[in-house]
Structures are given as structure tokens and as C-alpha cells.
Amino acid sequence: MAALQEKKSCSQRMEEFQRYCWNPDTGQLLGRTLARWVLISLYYVAFYVVMTGLFALCIYSLMCTLDPYTPDYQDQLKSPGVTLRPDVYEDKDLDISYNVSDNRTWTDLVHSLHNFLAGYSPEAQENNINCTSEKVFTQESFRAPNHTKFSCKFTTDMLQNCSGLVDPNFGFEGGKPCFIIKMNRGQHKDIEPLQVEYYPPNGTFSLHYFPYYGKKAQPHYSNPLVAAKLLNVPSNTEVGIVCKVLAEHVTFDNPHDPFEGKVEFKLKIQK
């Protein structure tokens with residue numbers, strides 16, 4: 001019958017653990033000598049240096065295949081994204097409600113429009129060119145300064161009564177507010193059944209603003225705008241408004257992205 005192994009005391013286990021951490025007889029630290037620890041450390045340093053180099057080489061090779069003059073994320077959205085100004089996107093449902101007789105309820109909306117249109121002032125557009133053609137402005141080569149492509153001007157005066165120049169309050173004070181619609185690509189906007197004045201006329205975007213060649217190729221590009229002045233919004237009534245892009249190959253019924261090809265908001269004017 002085999003003898004039972006003698007059970008070690010706690011002090012003996014602690015002593016063995018201490019000798020494992022540091023053995024003064026063999027000079028081993030955690031079971032290895034200093035020389036072996038140095039060799040292991042050098043091995044892992046060399047291993048991770050090689051892995052980092054291979055990863056950097058892969059990234060460099062990938063970047064070499066990308067054209068810096070091609071806009072990024074072209075495949076993310078087939079139809080143009082549409083946004084509304086004044087900016088109320090902090091609110092979930094894009095609800096706009098104000099009281100005509102209380103300017104405190106619409107002053108921030110007016111300031112938002114002025115701040116947005118500052119990028120469309122003549123000074124901000126001085127690096128762009130005047131375009132008169134109604135055709136797509138295709139540019140095969142880089143003829144603009146610094147190896148870039150030309151961008152067409154879009155200035156605030158093109159929005160006429162909704163430019164903030166004729167009426168600094170954009171019609172909010174009189175209950176006939178202006179709303180500005182911006183999109184990346186497109187040709188037309190429409191709002192029904194309200195009576196609407198569009199600026200530029202007919203609510204269309206000239207084709208000479210398209211295509212967009214990217215920030216590097218067109219560093220001074222500005223998105224064209226359409227302003228819609230609502231003339232007969234009923235007072236004290238919440239009105240649902242939908243602005244859609246009506247153009248070929250543009251969809252506005254994507255259930256996963258409510259701002260693809262259209263923008264929806266609610267408006268209530270109190271008097």
C-alpha cells in the first residue's frame with residue numbers, strides 16, 4: 001500500500017513560491033535566467049515589429065489604390081440626402097413652432113438661417129465661377145488653380161425674397177416663413193398642397209452644379225440651395241410638410257433612412 005503524500009503546510013507553500021519568484025542558488029527569476037528573459041523579450045519585440053511593418057505595408061498598398069480626387073462614401077447613399085434649414089435637427093421629429101407676435105420664439109430660427117447663408121455670400125463664393133449653362137458641368141481635366149476643378153457660384157441673392165437681404169426676418173415675422181432645402185445631388189423640389197414661392201424660380205437646381213468631384217478636386221464647392229416661402233400656412237394648426245427630390249434615379253421611400261431623397265417636418269405658426 002502506497003504511502004500517502006505528506007501534506008505541505010502554508011509556510012512551506014509560501015517558501016516554494018518565493019523560490020519560484022527568485023531562486024538565489026540558480027539566479028532564476030520566475031523559472032528563467034536573466035539571459036533567457038532577454039532573449040524572449042527580444043523575440044517578441046522583433047515579432048511585433050515585423051507584424052506592425054506588414055500591417056503598415058498593407059495599409060500603404062490599399063491607400064495607393066485609392067484615388068484622392070474621388071469623393072468618399074459614394075456607395076453609402078444611392079439617392080441624395082436632403083436637409084432643412086433653419087437647423088432644428090436637435091429635435092427628433094423636426095417640429096417647428098413659433099408665435100408671430102413673440103419674436104423670442106423665432107429669432108433663433110432667423111439667426112440660424114443667417115449663419116447658414118454666410119457661406120453663400122459673394123465674398124465666400126469669390127473663388128467660384130459664374131455658370132450659365134443648364135447642362136451637367138463635366139470636367140475631365142484639372143484646369144482650376146492648384147490642380148483642382150472649377151465650382152459654380154451659388155450666392156444668397158439667387159434666393160431673392162428668401163435671401164435675408166430683402167427681408168432680414170425671412171418672412172417669419174409675417175407668418176410666411178422661408179425654409180431652405182439643401183441636397184447633395186438632384187434637380188427639383190416640391191411642396192404640396194400649400195401655396196409656395198420657390199427661389200430660384202420653379203424650385204430647380206441647375207445641372208451645372210453637378211457632378212461633384214470631391215473636396216480635393218473642388219475645395220470651394222458649395223451645395224446649391226432651394227428656398228421655399230410658404231404663403232398660406234394656417235394659423236394655430238400643425239401642418240406636416242414633405243419636401244421631395246423629383247429626379248431620375250432618385251428614391252425617397254427608403255424606410256431605413258427618412259432623409260434619403262426627402263425631408264419631413266412639422267410647422268405650427270401661432271398668432
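Modeller: Let us begin with burial: a residue is buried when its relative accessible area is under 20%, exposed when it is over 50%, and partly exposed in between, using a 1.4 Å probe and protein chains only. Strands (E, at least two residues) and helices (H or I, at least four) are DSSP runs, numbered from the N terminus. This is a predicted model, in which local features need pLDDT of at least 70 and side-chain atom pairs count only at pLDDT 80 or more, while totals for chains, interfaces and linings use all residues. Residues are numbered from 1 along each chain as its sequence is written, and side-chain values use heavy atoms, with hydrogens and water left out.

Biologist: How many residues of S9 are buried?

Modeller: Six of the six residues of S9 are buried, so the strand is largely enclosed by the rest of the structure. Leu225, Ala227 and Lys229 point one way from S9, whereas Val226, Ala228 and Leu230 point the other way.

Biologist: Which strands pair with S9, and how do they run?

Modeller: Two strands pair if DSSP finds at least two bridges between them. Strand S6 (residues 178-183) is joined to S9 (residues 225-230) by five bridges, and the two run antiparallel; Ile181 has Val226 as its bridge partner, and Phe179 has Ala228. S8 is also antiparallel to S9, through four bridges, and here Val196 is partnered with Leu230.

Biologist: What is the order of the strands in the sheet?

Modeller: The order is S4-S6-S9-S8, in an open sheet of four strands with antiparallel pairing. Strand S4 (82-85) and strand S8 (196-199) are the edge strands, each pairing on one side only.

Biologist: Where is Phe210, and is this residue buried or exposed?

Modeller: Phe210 lies in the loop between S8 and S9, and counts as buried because its relative accessibility is 8%. The C-alpha atoms of Phe210 and Thr138 are separated by 7.5 Å, although the two residues are 72 apart along the chain.

Biologist: How should I read a cavity, and which residues line the largest cavity?

Modeller: On a 1 Å grid over the protein atoms alone, a cavity is a set of points where a 1.4 Å probe fits but cannot get out, and lining residues have an atom within 4 Å of a point. Here the lining consists of Phe137, Gln139, Phe150, Ser151, Cys152, His208, Tyr209, Phe210, Pro211, Gln218 and Tyr221.

Technical notes
1 Å grid on protein atoms, 1.4 Å probe; cavity = no way out; pocket = protein on both sides within 12 Å on 5 of 7 lines; lining within 4 Å.
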